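Colleague: Before I use any of the labels on this model, I would like to hear what stands behind them. Please take them one by one.

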Amino acid sequence: KCVGVSRKPRLAEGKTFCTPCYKGTLPAVDSRVDEIVLQLKSRCPLSTRGCNWLGQLGDIPQHMCVCVKLRAHCVFGCGEVLERCETNEHLKKCSLRREQCEYCGEGIEVSGANRHIALCPRHPDGEVSCPYKELGCDVLGIKRKGLDTHLADYSISHQKLMLREIHQLRSEDDKLRDVSERKECENSKKFQYLKRRNLIIHKRIWILLTLAVLGIAILMSYLRTERNRVDEKEHSIQSNKDSIQSNKQSIQSNKDSIQSHDQSMRFMLPSTVFNTTYLYDYIQD
């Protein structure tokens, strides 16, 4: 159906189909036809780009591994698409090609070699700063290999810069010492004030604690006195209760005695009247 060379031909319904064109369940590969197909003569798929290779159809995969017209991206990532025959020449000129610095051993891009030379800590042509730059040396563009010459030529100037820096440091040191002494004096006064204040606070706290303890003692004494007074009142009330109870018992006893006396008098009264009457009659006679 595709009118092309059958790849992995399938034999079905008495006909030979290539695998992409057959619809349905794929039968087994027709090895006899496949062998004949792989022996057919064929040109390189990139013949339109100039490849003159001619061989068997089955050798095409092996040829493509070495075909000089096969295109690929640059391995350094610059974005160029190159044929295999152009790769070696391009890699020598690629701006992203990396090389190793012969002085410090760091891997650098060829396009940034000049920047690396300026920053390389060992490259003789790299620019360095004068060690006295912080003190005021304004000479620029010193090569690493010429640093010793610069130090020798400007030694007197560098010594003047050092002396000036020493004077400035000494002046700053004197100022700092004065400030430190004033701060120390102020801190000493503040310390003495805080110390006196602390003593006053401690004394006040001690007085307050003493008054609190004294107040607690007075309160405890008052409570104890009140408790004793209450106990005495309770004892007096109990004594009065006992006395009243005793008086009640005495009264009851007196009542009983009076009642007993009354009863005895009642029994004795008729006899007394009889005797009196008899005595009166006897006197009359």
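**Labels and their cut-offs**

Modeller: At 41% relative accessibility, R177 counts as partly exposed. The model is predicted, so local features need pLDDT of at least 70 and side-chain atom pairs pLDDT 80 or more, while totals for chains, interfaces and linings use all residues. Residues are numbered from 1 along each chain as its sequence is written, and side-chain values use heavy atoms, with hydrogens and water left out.

Colleague: Why is R177 called partly exposed?

Modeller: Buried means under 20% relative accessible area and exposed means over 50%, with partly exposed in between (1.4 Å probe, protein chains only). R177 has 41%, which lies between those limits, so the label is partly exposed. D173, with 35%, is partly exposed too.

Colleague: What makes D173 and R177 a salt bridge?

Modeller: The term requires a side-chain nitrogen of Lys or Arg within 4 Å of a carboxyl oxygen of Asp or Glu. The closest N and O atoms of D173 and R177 are 2.8 Å apart, so the pair qualifies. By this rule the count comes to 4 salt bridges.

Colleague: How are D173 and R177 placed along the helix?

Modeller: They are 4 residues apart in helix α6 (residues 155-284), and therefore separated by about one helical turn. Helices here are DSSP runs of H or I with at least four residues, strands are runs of E with at least two, and both are numbered from the N terminus. The protein chain has 6 helices and 10 strands.

Colleague: What label do R227 and D231 get, exposed or partly exposed?

Modeller: R227 has a relative accessible area of 51%, so it is exposed. D231 stands at 30% and counts as partly exposed.

Colleague: How do you know that V37 is buried?

Modeller: Its relative accessibility is 8%, under the limit for buried, so the label applies. V37 is found in helix α1 (residues 31-38). Of the 285 residues of the protein chain, 15% count as buried.
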